[in-house]
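Let's walk through this structure together, from its overall layout down to a few individual residues. Please keep the model open beside the text as you read.

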Amino acid sequence: MTDNTYRAMLVEEVAAGKYDQGIVDRPLSALPANPVVIDVSHSSLNYKDALSAFGNRAVTRDYPHTPGIDAAGKVLRDDSGAFTKGAQVLVTGYDLGMNTAGGLAERIAVPSDWVTPLPDGLSLREAMILGTAGLTAALCVEKLLESGAKPADGEVLVTGATGGVGSIAVALLAKLGFRVAAVTGKLESAEFLTGLGAWKVLDRETLAPFANKAIAKPLWAWAVDTVGGETLFNVIKCLKYGGGVAACGMASGAQFQANVFPFILRGISLLGVDSVELPLSKKAEVWEKLAGDWYIGEQLEKIAEDISLDQAPEFLARLHRGHGIGRYVVDMTR
Ligand code: NDP
């Protein structure tokens, strides 16, 4: 950062359909004309950032662009008057990192109604270990609890368990006393998952044989699905009577084929979860919970890997291939 420039990741379309990701000095004039200017100390990497970094136009319409749907730091200036200089804040979702220059930068400028004060009990870094993934995992768990989920019901399945949302969902559910069956394509990371509190670890392939069935043996009481596609409906087919799945992701695909049997024979609920456009007051409520009763303390350290802004493109490529594990926190001072 200089008086006139800030460092940021910049994705450029260098040839039709070919995108380059680099770290560059941007002029302060490149910041969007929004009232709250934040010096970002930490950001994080999410699957959506990987989509933006590799030219997914459903996420980002125009390039050059700076991805980063999460940011935490201190307010430098607020022309709206809502925040004082130096206030510690975080921003997740809305348009940040999609079509508004995002958090993979030393500075952002955003509307005031995207900004949440950092809750007491969380550091800026911890807030970014959680980030959008943590908020989403917490919303999934909340949906299950609102639907009546109790530890005595039986095991809760979590798919994409080594990913950002998945790993935090495993840790949160375990903290709340649930027996978690963690589904992963990375069996070599089984110890990572049991370390977060998973009761058992299942190979992703465990779900594959259910693809040809209209409905399957009831195995799990509840589920959090971060994977979508065929996996989501395979999970639905295997839920016990009255159970439900919080569906938040599409890591394996957006489409799935379904039939009505699990819904009309077992009363299964499909519970949609969005953490991006969620009203700010609700986001703040969930952040308070994550800093309070749902604080997962030392598990956060097991989930986090700290990287520099320079390393962000390399780690986003990993996420894009489905090879990420846990959460990558971008420390702007590195
Ligand atoms: P990550 O990249 O961190 O994790 C995704 C995980 O999914 C991978 O680590 C892998 O876990 C699993 N996976 C990847 N590819 C496949 C595949 N082809 N088939 C089955 N499993 C696969 O992503 P996030 O945790 O950040 O996000 C997870 C999903 O949730 C994404 O689709 C994202 O867009 C969505 N999301 C939605 C939000 C909302 O508001 N609804 C907010 C945040 C994220 P493993 O190897 O352990 O199986």
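Domain bounds here come from an automatic or database domain assignment. On that basis the protein chain is divided into domain 1 (5-118 + 302-331) and domain 2 (131-272). This is a predicted model, in which local features need pLDDT of at least 70 and side-chain atom pairs count only at pLDDT 80 or more, while totals for chains, interfaces and linings use all residues. Residues are numbered from 1 along each chain as its sequence is written, and side-chain values use heavy atoms, with hydrogens and water left out.

How do the two domains sit relative to each other? Taken over C-alpha atoms, the centres of domain 1 and domain 2 are 29 Å apart. Across the boundary, 15 residues of domain 1 are in contact (heavy atoms within 4.5 Å) with 17 residues of domain 2.

Now turn to the ligand. Both domain 1 and domain 2 give residues to the shell around the ligand, so the ligand lies between them. The shell holds 27 residues, each with a heavy atom within 4 Å of the ligand; the closest are Thr162, Val165, Thr184, Met250 and Ser275. By type, the shell divides into 10 nonpolar, 14 polar and 3 charged residues. Here Ala, Val, Leu, Ile, Met, Phe, Trp, Tyr, Cys and Pro count as nonpolar, Asp, Glu, Lys and Arg as charged, and the others, Gly among them, as polar. Helix H2 (124-146) and helix H3 (164-175) each supply at least two shell residues; helices (H or I, at least four residues) and strands (E, at least two) are DSSP runs, numbered from the N terminus.

Look next at the ligand's oxygen atoms. An N or O atom in the side chain of arginine 204 is 3.0 Å from a ligand oxygen. A polar backbone atom of tyrosine 47 lies 3.3 Å from an oxygen of the ligand, and a backbone N or O atom of alanine 161 is 3.4 Å from a ligand oxygen. Taken alone the ligand exposes 920 Å², and the protein buries 88% of that (Shrake-Rupley method, 1.4 Å probe).

Finally, find tryptophan 222 in strand E11 (residues 220-225). At 5% relative accessibility, tryptophan 222 counts as buried (under 20% relative accessible area, 1.4 Å probe, protein chains only). Its C-alpha atom is 4.7 Å from that of valine 156, 66 residues away along the chain.

Conventions. A polar contact is a pair of N or O atoms within 3.5 Å; within protein, one must be able to donate a hydrogen and the other to accept it, and residues adjacent in sequence count only if both atoms are side-chain atoms. Buried means under 20% relative accessible area, exposed over 50%, partly exposed in between (1.4 Å probe, protein chains only).
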